[in-house]
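Me: Can you walk me through this one? I'd like to start with a side chain and then move on to the sheet.

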Amino acid sequence: MINRRHALGLLAAASILPSRGFANVAPQRSEIREDLARHFTDEGTVGTFVGYKTDDYLVIASDNDRSGEAKLPASTFKIPNSVIALETGVVGDPDKDVFQWDGVTRSIEAWNRDHTLRSAIAASAVPVYQEIARRIGTERMQKYVDLFEYGNRDIGGGIDQFWLTGNLRIDPIQQVDFVDRLRRGALPVSKRSQEMVRDILPVTKSGDSIIRAKTGLLGAELGKPSLGWLVGWAEKGDEQTVFALNLDVREPRHIADRMKLAQQCLADIGAI
């Protein structure tokens, strides 16, 4: 029998995938759609898109290579970090527990204030999540990164830096795998923690569809963005499509292009 996670591995780009499987499903189909890559070219950059149409067990990727290249997750790690914070009790209530601003004025104005978990993920407030990671601690963080089989599972480089400048790496196929398990409540943690994180994920409307997704921007905390991520899922009626996108940030406008490019690719594959 082919299970859902092994099925994801049928895509040629998925050279390394976590081995632990779960519920058996129909055999997976996979496609390389090189026409999707033109959206990145049209914007003067290079990138990759991977979409997983869950009802059809269909993986669609824009390329064979970059879709399997592992990179620092940047702020997309706020998704598992939020799950771990709730599961360990570091955060009890995403709307009531307040992380006070440390008084350090940073270049991103939205970071210079108190935050709850919900507002921190919306503002992608790096200092808040660094404090969350410090409270979780290295031992517990490693435990959950291992349980989630998240990327290469390497949290070396500092408890508050490993996803920004440290050793953690994850590829788009692995991002889709992780996000799909969160979407279905299949991570090895409480249903409550997963439900809360699904609820606090930023939402973008696109026609009659909605997109729940988290951005990531490598170098944002240094004011030197170089790589942009967007990972999440689109909901069109009862149909859901999990996706991961990354691109080289060659110009400031490419930061805003992440959502536009995701919507273009999702539209092309009929996901929105």
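Reply: Arg135 counts as partly exposed at 44% relative accessibility, where buried means under 20% relative accessible area, exposed over 50% and partly exposed in between, with a 1.4 Å probe and protein chains only. This is a predicted model, in which local features need pLDDT of at least 70 and side-chain atom pairs count only at pLDDT 80 or more, while totals for chains, interfaces and linings use all residues. Residues are numbered from 1 along each chain as its sequence is written, and side-chain values use heavy atoms, with hydrogens and water left out.

Me: What does Arg135 form a salt bridge with?

Reply: Its partner is Glu131, with the closest N and O atoms 2.8 Å apart; a salt bridge here is a side-chain nitrogen of Lys or Arg within 4 Å of a carboxyl oxygen of Asp or Glu. Both Arg135 and Glu131 lie in helix H5 (residues 126-136), four residues apart, about one turn of the helix, and helices are DSSP runs of H or I with at least four residues, strands runs of E with at least two, numbered from the N terminus.

Me: How many salt bridges in the whole structure?

Reply: The search finds 19, and Glu43, Glu251, Arg253, Asp257 and Lys260 are linked in a network of them.

Me: Now the sheet: what is the strand order?

Reply: The open sheet of seven strands runs S1-S3-S2-S7-S6-S5-S4, with mixed pairing, two strands being paired if DSSP finds at least two bridges between them. Strand S1 (29-32) and strand S4 (203-206) stand at the edges with a single partner strand each, so one side of each is left without a neighbour in the sheet.

Me: And how do S5 and S6 pair?

Reply: Strand S5 (residues 209-218) and strand S6 (residues 227-236) pair in the antiparallel sense over nine bridges, and Leu227 in S6 is the bridge partner of Leu218.
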